[in-house]
Amino acid sequence: MNRRAILIFLLCVAFGAMADAQCLSSVNPVGGTENLLVLEKNALRIISFYKYGQGKHYFEKDSRSDFSLIRKAQYNYLSGIIGYGLSHRITLETEFGYYINKSQHYATEPEYTLTGRGLTNLVVSSKVNLYTNHIKRVYFSAAGGVKIPFSRTPQEVDHVELPVEVQPTIGAYGFVFSSYFVKENSERALRFFITNRVETNLRNPEDYHLGTAVFTSFFVSKHLMFQWLKGDWTTILQFRNEIRTHDHIGDRLKESSGGAIFLVAPQINYVVQEKWYLSAMADIPVYQYFNGTQLGAGIGATLSLSRTFSLGAGL
C-alpha cells in the first residue's frame with residue numbers, strides 16, 4: 001500500500017471516528033405545469049438538469065460547529081428525466097444521474113481531496129392523474145417507482161474504498177413515491193404547486209442502510225406580462241423542506257446522520273419559441289438542523305432545459 005492509499009485510509013478512519021458527518025443532499029424539483037403534470041397520450045418529455053452544490057460549515061443540531069476536518073465539500077451533477085404519455089391519465093418516467101465530481105477537500109497540510117464520480121441510480125416510475133377540474137383549474141397526480149443503483153460495488157482510490165459521502169451511489173435498491181398538487185389562477189397569471197417526494201432505501205451489499213428522505217416543496221408562480229419585457233418569462237418562488245432519518249450500519253445507528261433543511265429557492269423560467277423551457281434556480285438554506293456533527297449545505301444552483309414532443313407529429 002503506497003503513501004496515498006495510507007493517507008486515504010487514515011482520513012476515512014478519522015472521518016468515521018471523529019465526525020461521521022454527511023451533507024444532506026437534495027433533489028430539486030423545478031416548478032411548472034409542463035414539468036409536474038401527466039403528459040398527453042403519445043407525448044414525450046425530456047428534462048435535463050445541471051446542479052452545483054457545496055458546503056463548508058459544520059453544524060451540531062442547528063448551531064455552527066468549530067469542527068474542521070473537511071474544509072469544503074462540493075459536487076457537479078448532471079441528470080435527466082424522460083417521460084412518455086402512455087394514456088391521458090398515465091405517464092411513464094425514468095430518472096438517471098451522473099456525478100461529474102463529488103468531492104471533499106480536507107483541512108490538512110497539504111490539503112487533500114477525495115473525489116467520487118460516475119452514474120448514480122435509475123428511477124423507473126409511473127405517474128397517474130388522480131383528479132382534474134378544468135373549471136376550477138385544480139390538478140392532482142401521484143407517482144410511484146423503484147430505484148435501481150447503476151453499481152453495487154463501492155468506488156476505490158488506490159485500492160482504498162472511498163467514504164460513503166463521496167460515493168456516486170450508495171449501491172442500494174429503493175422505492176420512490178411522489179405527489180403533485182397544482183392550483184391555477186388564470187386571471188392573475190398565478191399558479192400554486194405543492195410537491196412531495198419520499199425515498200426509501202434497502203440495505204446495500206455492505207449492510208449500509210441509508211435513511212428515508214422526505215422532500216416537500218411549495219411553489220408560487222407568476223407569469224410576467226409587461227409591455228417592455230420581450231419573450232415568455234415566469235418567476236417562481238419555492239419553499240422546500242428536506243428531512244432525512246438516521247442511517248444505519250448493520251444494527252448500529254449512525255449518530256451523525258439525518259436531519260432537516262429548510263430552503264428558499266427563487267427561480268426564473270423562459271420559453272423559447274413555445275417549445276424549449278429554460279430554467280435557472282438558486283438554493284438558499286435558511287435553517288438547518290443535523291443529528292450529531294455534520295457538514296451543512298451552502299448556496300447551490302440548478303439549470304434545466306426541457307421540451308415536450310408529440311410523437312404523432314414527429315420530433
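The legends below describe close-up views of a predicted model. Local features require pLDDT of at least 70 and side-chain atom pairs pLDDT 80 or more, whereas totals for chains, interfaces and linings use all residues. Residues are numbered from 1 along each chain as its sequence is written, and side-chain values use heavy atoms, with hydrogens and water left out.

**View 1. A nonpolar patch on the surface is formed by I46, L78, I82, F96, Y98, I100, L119 and F150.** Together these residues have about 630 Å² of accessible area (Shrake-Rupley method, 1.4 Å probe, only the protein chains shown counting as cover for residues). Patches consist of residues with over 30% relative accessible area and no salt bridge; like charges are joined within 9 Å and nonpolar side chains (Val, Leu, Ile, Met, Phe, Trp, Tyr) within 5 Å. Strands β4 (70–85) and β5 (90–106) each supply at least two patch residues, and the largest share, 3 residues, comes from β5. Strands (E, at least two residues) and helices (H or I, at least four) are DSSP runs numbered from the N terminus. F96 is found in β5 and is partly exposed, with a relative accessible area of 34%. Buried means under 20% relative accessible area, exposed over 50%, and partly exposed in between (1.4 Å probe, protein chains only).

**View 2. The rings of F59 and F290 form one of 8 aromatic pairs.** Rings of Phe, Tyr and Trp (its six-membered ring) pair if their centres lie within 6.5 Å; planes under 30 degrees apart count as stacked, over 60 as edge-to-face and the rest as tilted. The centres of F59 and F290 are 5.8 Å apart and the planes stand at 50°, so this pair is tilted. F59 in strand β2 (residues 58–61) and F290 in strand β19 (residues 276–295) are 231 residues apart, and the pair links these distant parts of the chain. F59 counts as buried at 10% relative accessibility, as does F290 at 0%.

**View 3. Y77 and Y99 form a tilted ring pair, with centres 4.6 Å apart and planes at 40°.** Y77 lies in β4 and Y99 in β5, so the contact ties together parts that are 22 residues apart in sequence. Both Y77 and Y99 are buried. Ring pairs link Y75, Y77 and Y99 into a cluster.

**View 4. Strands β13, β16 and β17 form an open antiparallel sheet in the order β13-β16-β17.** The edge strands, β13 (208–209) and β17 (252–253), each pair on one side only. Pairing requires at least two DSSP bridges between two strands. β13 and β16 (residues 248–249) pair over 2 bridges, and H209 has H248 in β16 as its bridge partner.

**View 5. E93 and R45 form a salt bridge, with the closest N and O atoms 3.2 Å apart.** A salt bridge is a side-chain nitrogen of Lys or Arg within 4 Å of a carboxyl oxygen of Asp or Glu, and the count comes to 12. E93 and R45 are both buried.

**View 6. D207 and R203 form a salt bridge, with the closest N and O atoms 3.3 Å apart.** D207 is partly exposed, with a relative accessible area of 35%; R203 is also partly exposed, at 35%.

**View 7. R240 and D283 meet in a salt bridge (3.0 Å, N to O).** The pair links R240 in strand β15 (residues 232–244) with D283 in β19, 43 residues apart. R240 and D283 are both buried.
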